[in-house]
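These are my notebook entries on one chain. I record what I looked up, entry by entry, with the criteria beside the values.

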Amino acid sequence: MASTGTLRVLGVDPGLTRCGVGVVDVARNRSASLVHVGVVRTEPSLPIEQRLAAIAAGLRAVLDEYRPDVVAVERVFAQHNRSTVMGTAQASGIALLLAGERGLVAATHTPSEVKAAVTGYGAADKLQVQTMVARVLRLDALPQPADAADALALALCHAWRGGLTASASGSGSGSGSATLTPAQRAWANAERVTRR
């Protein structure tokens, strides 16, 4: 469990072949540290029920070991490839179900929300997201594969976008705001404008 004053978020980038998982601890000043990152993989040749069971088992293992406070999942959006969106929706449902079974709050965020939260730009490419995630988490290398980076970005997005809003705003504008990254400052400013 995360230490007092931090929020531990499990981010899930759902997919049938590769389901990205990332766990981060985010402090009240919005600084973040990496707890775990990985990918749950399944073989396309397996029957769908076995693939979903394997994803569920992988997510359960992460939930058991790292005990997050909240689960953030990428919101399924329209795609041209119907089979891809179906697999994404099925994996997303598994993550949301497991959160519900454990009594955890679960949230969904669109890809553009996540990109805007992490990079300050809603149409950022994967390399830009990976670069900002590595910078925010002070990693020596870009998180790989992209599914894993996306899961970390989801977790950061959730914490910054709503998970810590009350505590961050209640802590004043002193040293906490000085430690924000440029992307975090841009996101906080955008949130302030929309609340007016």
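I take helices (H or I, at least four residues) and strands (E, at least two) as DSSP runs, numbered from the N terminus. I note that this is a predicted model, in which local features need pLDDT of at least 70, side-chain atom pairs count only at pLDDT 80 or more, and totals for chains, interfaces and linings use all residues. Residues are numbered from 1 along each chain as its sequence is written, and side-chain values use heavy atoms, with hydrogens and water left out.

**Entry 1: the chain**

I listed 8 helices and 5 strands. Read from the N terminus, the elements follow the order β-β-β-α-β-α-β-α-α-α-α-α-α. Of the 196 residues in the chain, 46% are buried; buried means under 20% relative accessible area, exposed over 50%, and partly exposed in between (1.4 Å probe, protein chains only).

**Entry 2**

I count two strands as paired if DSSP finds at least two bridges between them. The 5 strands form an open sheet with mixed pairing, in the order β3-β2-β1-β4-β5. At its edges are β3 (32-41) and β5 (105-109), each of which pairs on one side only. Ignoring direction, I find neighbouring strands turned by 20° against each other on average; axes are lines fitted to C-alpha atoms, for helices over the stretch in contact, and angles run from 0 to 180 degrees between N-to-C directions.

I then went through the pairs. β1 and β2 run antiparallel and are joined by 8 bridges; they form a hairpin with 4 residues between them. Leu-10 has Val-23 of β2 as its bridge partner. β1 and β4 run parallel, with 4 bridges, and Gly-11 stands opposite Ala-72 in β4. β4 (residues 70-74) also pairs with β5 in the parallel sense, over 5 bridges, where Glu-74 stands opposite His-109. As for cover, 7 of the 8 residues of β1 are buried.

**Entry 2: helices on the sheet**

Helix α1 (residues 48-66) lies across β1 (6-13), β2 (18-27), β3 and β4, and runs at about 155° to β3. Helix α2 (residues 82-101) also packs on the sheet; I see it touch β1, β4 and β5, and its direction makes about 165° with that of β4.

**Entry 3: the cores**

I define a nonpolar core as a set of buried Ala, Val, Leu, Ile, Met, Phe, Trp, Tyr and Cys residues joined through side-chain atoms within 4.5 Å. The largest has 24 residues, and those that touch the most other members are Val-9, Val-24, Val-26, Val-118, Val-133, Leu-137 and Leu-156. Two or more residues come from each of β1, β2, β4, α3 (111-119), α4 (126-136) and α5 (146-163). The most, 8 residues, come from α5.

I looked up Val-9 in particular. Leaving out residues up to four places away in sequence, its contacts include Val-24, Val-70, Ala-72, Ala-155 and Ala-159. Another core of 21 residues lies apart from the largest one, with Val-40, Leu-52, Leu-63 and Ala-95 among its members.

At the start of α4, I find a side-chain oxygen of Asp-125 within 3.2 Å of the backbone nitrogen of Leu-127. The buried residues of α4 are Val-129, Gln-130, Met-132, Val-133, Ala-134 and Val-136. Pro-145 lies in the loop between α4 and α5, and a cis peptide bond joins it to Gln-144, with omega about -10°.

**Entry 4: backbone exceptions**

Most residues other than glycine have a negative phi, and most peptide bonds are trans. Which setting, buried or exposed, do I find for Arg-30? Arg-30 is buried, at a relative accessible area of 6%. This residue is in the loop between β2 and β3, and its phi is positive, about 75°. Arg-138, in the loop between α4 and α5, also has a positive phi, near 55°. Arg-138 is exposed, with a relative accessible area of 58%.

Definitions and conventions:
Contact means heavy atoms within 4.5 Å. A polar contact is a pair of N or O atoms within 3.5 Å; within protein, one must be able to donate a hydrogen and the other to accept it, and residues adjacent in sequence count only if both atoms are side-chain atoms.
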